Protein chains: 2
Amino acid sequence: MQLTKHTDFAFRILIYLASTDEKLIRIQQLADGFDISKSHVMKIVNKLVHQGWITSVRGKNGGICLGKAPQDVRLNDVVEFMEQTLEPVNCQEPVCVLTSACKLKGVLLKAQDEYLAHLAQFTLADLVDKKMIDVVRFIE
Amino acid sequence: MQLTKHTDFAFRILIYLASTDEKLIRIQQLADGFDISKSHVMKIVNKLVHQGWITSVRGKNGGICLGKAPQDVRLNDVVEFMEQTLEPVNCQEPVCVLTSACKLKGVLLKAQDEYLAHLAQFTLADLVDKKMIDVVRFIE
């Protein structure tokens with residue numbers, strides 16, 4: 001039930017952007033800083049731009065920055081948007097013969113609702129404090 | 001955040017054993033019924049035997065059956081025991097440079113607690129009803 005790398009990296013990038021003093025960050029900076037391939041960073045950033053959480057500025061001195069205030073990015077929304085699936089189990093691979101009578105998925109979905117409801121109480125702003133700002137400054 | 005196949009298959013096997021009329025079920029029956037390789041079923045059954053949730057009877061007419069009453073097998077315990085990790089994110093691969101100041105993992109762990117607390121309200125017995133018993137009879 002671990003979050004996928006996709007969601008994990010989205011959080012790393014968003015936390016970084018919410019903590020930096022720099023106006024625009026280059027994809028290469030993120031790739032180097034997090035030791036993630038540039039193409040992987042691009043893929044995640046594109047999704048976050050599409051959602052409006054990141055703004056991209058083109059050109060020689062371009063880069064990316066947060067597209068919303070950190071307090072407007074709810075943690076449950078990031079998980080729901082970035083996870084490849086919110087199906088708690090995959091009953092189709094291999095097709096489970098018990099599916100037609102199974103109550104497990106319903107119970108797991110309710111448990112997942114509790115998980116997401118907890119995250120809905122927090123925003124990106126709750127993850128950024130002086131300590132995090134200092135860490136990001138140190139990396140830069 | 002989907003459960004691993006390992007946990008999923010453990011649930012399939014436990015629900016089956018809790019619903020069948022037969023006294024002992026052979027590994028081959030489970031492998032055939034669920035279209036999972038025999039070695040994979042064996043691996044999962046061995047873990048469940050180790051935990052006391054399944055009892056194994058050796059010999060020509062041997063097989064496996066539930067080792068505990070269905071109402072004594074809590075769903076959260078199955079998830080906690082079968083999942084490879086309960087780390088909500090893997091901050092070590094690649095090592096995240098933000099880790100020393102990061103509050104995300106703490107928030108995710110609390111959300112996971114909510115998830116598991118919901119599951120703790122249910123046991124294997126809650127997943128077995130007449131409909132499930134009929135489905136298992138039909139497979140057999």
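In this predicted model, helices H1(B) and H4(B) are oblique to each other. H1 of chain B covers residues 5-19, and H4 of chain B covers residues 75-82. Their axes come within 9 Å and cross at roughly 140°. Angles over 145 degrees would count as roughly antiparallel, and 65 to 115 as roughly perpendicular, so this pair counts as oblique. The crossing of H1(B) with H4(B) is right-handed.

Which residues meet there? From H1(B) come His6(B), Thr7(B), Ala10(B), Phe11(B) and Leu14(B). From H4(B) come Val78(B), Val79(B) and Met82(B). Six of the residues in this contact are nonpolar, two are polar and none is charged.

Leu14(B) also has a place in the largest nonpolar core. That core holds 81 residues. Those that touch the most other members are Ile13, Leu14 and Ile15 of chain A, together with Ile13, Leu14 and Ile15 of chain B. Take Ile13(B). Setting aside residues up to four places away in sequence, Ile13(B) touches Leu30(B), Ile44(B), Val45(B) and Leu48(B).

Now turn to Leu14(A). This residue sits in helix H1 of chain A. Is Leu14(A) buried or exposed? Leu14(A) counts as buried, because 25 C-beta neighbours lie inside 10 Å. The cut-off for a buried residue is 20 or more. Beyond its neighbours within four places in sequence, Leu14(A) is in contact with Trp53(A), Val73(A), Val78(A) and Leu124(A). Leu48(A) is 34 residues away from Leu14(A) in sequence, yet their C-alpha atoms are 8.8 Å apart.

Step back to chain A as a whole. Chain A has six helices and two strands. Read from the N terminus, its elements follow the order α-α-α-β-β-α-α-α. The C-alpha atoms of chain A fill a box of roughly 60 × 30 × 25 Å along the principal axes. Chain A has 140 residues, and 34% of them count as buried. Among contacts in chain A with a separation of 6 or more, 67% join residues 24 or more positions apart.

Last comes the contact between the chains. Chain A brings 42 residues to the contact, and chain B brings 42 residues. On the side of chain A that touches chain B, the elements giving two or more residues are H1 (5-19), H2 (27-34), H5 (104-119) and H6 (130-139) of chain A. Which element gives the most to this side? H5(A) does, with nine residues. By type, this side of chain A divides into 25 nonpolar, seven polar and ten charged residues.

Definitions and conventions. Residues numbered from 1 in each chain as written. Chains lettered and ligands numbered in written order. Predicted model: local features only at pLDDT ≥ 70, side-chain atom pairs only at ≥ 80, totals over all residues. Axes fitted to C-alpha atoms, helices over the stretch in contact; angles between N-to-C directions. Helix = DSSP H or I, 4+ residues; strand = E, 2+ residues; numbered from the N terminus. Parallel < 35°, antiparallel > 145°, perpendicular 65-115°, else oblique. Left-handed = near helix turned anticlockwise from the far one by under 90°. Contact = placed C-beta atoms within 7 Å. Nonpolar A, V, L, I, M, F, W, Y, C, P; charged D, E, K, R; others polar. Core = buried A, V, L, I, M, F, W, Y, C linked by C-beta atoms within 7 Å. Buried ≥ 20, exposed ≤ 12 C-beta atoms within 10 Å, placed from the backbone.
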